[in-house]
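Here is a short walk through one protein model. Keep the sequence and the 3D view side by side as you read.

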Amino acid sequence: MALPDVVEGLCHGTPAFYLRRKLMLRLRDDYETLVVRFPMEERDELLEAEPDIFSVTEHYQNYPAILVSLPNVSLTRLQKLIEDGWGRLASKKQIAAFEATRAKSTRSSA
C-alpha cells in the first residue's frame with residue numbers, strides 16, 4: 001500500500017491489489033503463493049533460473065503473470081517484484097510522482 005494509488009480488494013476470495021483497475025498482484029488461496037502481473041516474454045528466464053521461487057500453472061500459462069513462492073523468496077526480492085509490477089501498470093505521471101517522493105525521502109534521511 002506504500003505504492004501510490006494502489007487499491008486493495010479481493011480476487012477469487014483472496015487479498016488482491018489493483019492499480020488503475022488492473023490486477024497487480026493477488027494472494028492465492030494457499031496463502032503461500034503470490035500471483036504477480038509479469039510480462040510473458042520475460043517469464044521463461046526466471047522460471048528456468050529459479051524454479052524454487054517462480055512457477056506458472058496451466059491456468060496462468062496464457063496470462064501475463066508469474067507465481068512467486070512466498071516461503072522461498074527474500075523480502076528484498078519480493079519488494080522489487082512488487083515495485084516493478086506497479087511500474088508496469090502505473091502512468092508516467094504516477095511514476096514521476098513516486099520517484100520524486102522517493103528522491104525527497106532519500107535526501108531527507110541522509
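The paragraphs below go from the overall fold to the sheet, the helices and the inside.

This is a predicted model. The protein has 3 helices and 6 strands. Along the sequence they follow the pattern β-β-β-β-α-β-β-α-α. The C-alpha trace spans about 45 × 30 × 25 Å along its principal axes.

In what order do the 6 strands lie? The order is 1-2-3-4-6-5, in an open sheet with antiparallel pairing. The edges belong to strand 1, residues 7–11, and strand 5, residues 54–55. Each of these edge strands pairs on one side only.

Strand 1 and strand 2 run antiparallel and are joined by 5 bridges. Within this pairing, Val7 stands opposite Tyr18 of strand 2. The two strands form a hairpin, with 2 residues between them. Look at His12 in that turn: its phi is positive, at about 55 degrees.

Strand 2 covers residues 14–19 and also pairs with strand 3. Here the sense is again antiparallel, over 4 bridges. Tyr18 has Leu23 as its bridge partner in strand 3. Phe17 stands opposite Leu25 of strand 3. Strand 2 and strand 3 make a hairpin too, with 2 residues between the strands. In this hairpin, Arg20 takes a positive phi near 55 degrees.

Next come the helices. Helix 1 spans residues 40–49. This helix lies across strand 5 and strand 6, the latter being residues 65–69. Helix 1 runs at about 25 degrees to strand 6. Helix 2, residues 75–89, packs on the sheet. Which strands does helix 2 touch? Helix 2 touches strand 2, strand 3, strand 4, strand 5 and strand 6. The direction of helix 2 makes about 160 degrees with that of strand 3.

Trp86 sits in helix 2, while Phe98 sits in helix 3, residues 92–109. The two residues are 12 residues apart, and their pair links distant parts of the chain.

Finally, look inside. How many cavities of 30 Å³ or more does the structure hold? The structure holds 1. The largest cavity has a volume of about 30 Å³. Its lining is made by Leu23, Met24, Leu25, Arg26, Val35, Arg37 and Tyr63. Two elements give two or more residues each to this lining: strand 3, residues 22–27, and strand 4, residues 33–37. Strand 3 gives the most, with 4 residues. By type, the lining divides into 5 nonpolar residues, 2 charged and no polar.

Leu23 and Leu25 line the cavity.

How values were computed. Residues are numbered from 1 along each chain as its sequence is written. This is a predicted model: local features need pLDDT of at least 70, side-chain atom pairs count only at pLDDT 80 or more; totals for chains, interfaces and linings use all residues. Side-chain values use heavy atoms; hydrogens and water are left out. On a 1 Å grid over the protein atoms alone, a cavity is a set of points where a 1.4 Å probe fits but cannot get out, and a pocket is an open set with protein on both sides within 12 Å along at least five of seven lines; lining residues have an atom within 4 Å of a point. Grid points are joined across faces, edges and corners, and a volume is the space filled by probe spheres set on the points. Ala, Val, Leu, Ile, Met, Phe, Trp, Tyr, Cys and Pro count as nonpolar, Asp, Glu, Lys and Arg as charged, and the others, Gly among them, as polar. Two strands pair if DSSP finds at least two bridges between them. Contact means heavy atoms within 4.5 Å. Axes are lines fitted to C-alpha atoms, for helices over the stretch in contact, and angles run from 0 to 180 degrees between N-to-C directions.
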